[in-house]
Every structure is written in C-alpha cells, then in structure tokens.
Amino acid sequence: MRKAPSLRNNNGALQVRVRLGGRDVFINRLGRWEDPVAVARAQAISAQIWSDYQEGTFDRSLLRYTPLVKGQQVGLLEAMQALADSTHNARCIHALRVVKGYGKPLRNRSDVEDFVRWMQAKPLANRTIAGILQVCRNANPSNRQLFTYRLPLKQRSVQSDVLSIEEIGLVLRDMKEHESWFYRPRPLAWCKSRGPIALD
C-alpha cells in the first residue's frame, strides 16, 4: 500500500477504496455520499487502515474495518456462510450458528478472548471451541492469527467426535429446517402384504 485509502462515490453510495497488491478492494455499507456523518465515519476508517499499515497491524481481509450491521460483523458471517455452503460441513454450520448466537464483533484479540470465555460459560468443550476458531480461521485466511488461541485439550480416542451428542442433534435439526438437500425422501416400493414401504 503506497498511500492511504480514499473515499469513493459509487452511484451515491459511499465506499472506502484500498489499493492492495495492484488491485482495488472496497469497504461498503458506509452510508450515502451526501451524508456528512457517513463521510466522517469513512474518513476515520481510512485513517485507521493507514495507521495500522504503518504500524504493521493491518488486517488484509478488511474485516476489522467493515462497519457493523445491527451489531453484527456481517463480513465475517458472510465468509463463514460461504464456507458452510461450499463444504456442507456440520462443523462449519455449527460454528456459524455459534458466532451468530454470540452476536458481537470479533475484530481484535480482546474480542476473541471474550468470545472464548462466552463459549466456555455455555459450556462448550475446549475441543469444540478449538474447532469453531479453526472455522473462523479458514473463513478469514488473511487474518488467521486473530483466531489462534491455545486451549488445553484432553487426549481423545480416534472414535470420539468434535461435537457432543446434543450439538450434533442441534446441527441436524437446523439442517433439516434450512438444508433440505440433506434430507432427501427415501424411494418407495410396493409390497403386496404391507403396501408401500421405504427403501433403505
């Protein structure tokens, strides 16, 4: 980055434009171009990005600088949703639900520490928490170090699972409601004595 980010008028919508690796990336959801409060907020974001870059703490994913929407960190949630949609992995889906349930931003180390304490108080097992943080790292590869957190883990057998039985049930119920592809109807066959029966 050779110069500080600039403000951009995108058909009346205010954006912060950041030049990274020879291409422009944008921070959106900042408000209208003609709104002086939105402009001041965008200028503060631009100054924060430039300051972090100079100090070596710049978040290349830009998630740290993305505005909250109703208190939610939309950028991270969208990245986790895309990961869950592309993998259909139960752990990714569970992690997304937990982060949504937490409902607070995860922008710095202190935020993540508060998030870990919140999960421990639920309570979730340290291994489950480690799995959730791993999903956050995978969804936010440009800022992986933010979600690196050492937790004491007990040795487990290879047959044990990351999720508890209750958590697996929660994921399956959620998938049945929101992921209809997972619960395809079983084909039926006709039996003279029993009538229609489902094939396994």
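**Notes on rings, sheet and helices**

1. Trp 50 is partly exposed, since its relative accessible area is 26%, a value that falls between the 20% under which a residue counts as buried and the 50% over which it counts as exposed. This description, like those that follow, is of a predicted model.

2. Tyr 53 likewise counts as partly exposed, at 32% relative accessibility. Trp 50 and Tyr 53 both belong to helix α1, where they are three residues apart, or about one turn of the helix.

3. A search for aromatic pairs over the whole structure finds six. In one of them, the ring centres of Trp 50 and Tyr 53 are 5.9 Å apart and the ring planes stand at 15°, so the pair is stacked, given that planes under 30 degrees apart count as stacked. Ring pairs also join Trp 50 and Tyr 53 with Phe 58 and Tyr 65 in a cluster.

4. Which parts of the chain does the pair of Tyr 102 and Phe 115 tie together? The ring centres of Tyr 102 and Phe 115 are 4.8 Å apart with their planes at 45°, and the pair is therefore tilted. Because Tyr 102 lies in helix α3 (residues 90–102) and Phe 115 lies in helix α4, the pair ties together parts that are 13 residues apart in sequence. Tyr 102 is buried, with a relative accessible area of 11%, and Phe 115 is buried as well, with a value of 0%.

5. Phe 115 also takes part in the contact between two helices, for Val 112, Phe 115, Val 116, Met 119 and Gln 120 of α4 meet Asn 126, Ile 129, Ile 132 and Leu 133 of α5. By type, the residues of this contact of α4 with α5 are seven nonpolar and two polar, with no charged residue. The axes of α4 (residues 109–121) and α5 (residues 126–139) come within 10 Å and cross at roughly 140°, and the crossing is right-handed.

6. Turning to the strands, an open sheet is formed by three of them in the order β1-β2-β3, with antiparallel pairing. Since β1 and β3 stand at the edges and each has a single partner strand, one side of each is left without a neighbour in the sheet. From one strand to the next, the twist averages 45°.

7. Strand β1 (residues 6–10) pairs with strand β2 (residues 13–20) in the antiparallel sense over five bridges, and Arg 8 has Gln 15 of β2 as its bridge partner. The two strands form a hairpin with two residues between them, and Asn 11 in the turn has a positive phi of about 55°.

8. Among the bridge partners in β3 are Phe 26, which is the partner of Arg 17, and Asp 24, which is the partner of Arg 19. β2 and β3 also form a hairpin with two residues between them, with Gly 21 in the turn having a positive phi of about 55°.

Note on methods. Residues numbered from 1 in each chain as written. Predicted model: local features only at pLDDT ≥ 70, side-chain atom pairs only at ≥ 80, totals over all residues. Heavy atoms only, no water. Pairing = 2+ DSSP bridges. Helix = DSSP H or I, 4+ residues; strand = E, 2+ residues; numbered from the N terminus. Axes fitted to C-alpha atoms, helices over the stretch in contact; angles between N-to-C directions. Left-handed = near helix turned anticlockwise from the far one by under 90°. Contact = heavy atoms within 4.5 Å. Nonpolar A, V, L, I, M, F, W, Y, C, P; charged D, E, K, R; others polar. Phe/Tyr/Trp six-rings, centres within 6.5 Å; stacked < 30°, edge-to-face > 60°. Buried < 20%, exposed > 50% of the residue type's maximum accessible area, 1.4 Å probe, protein only.
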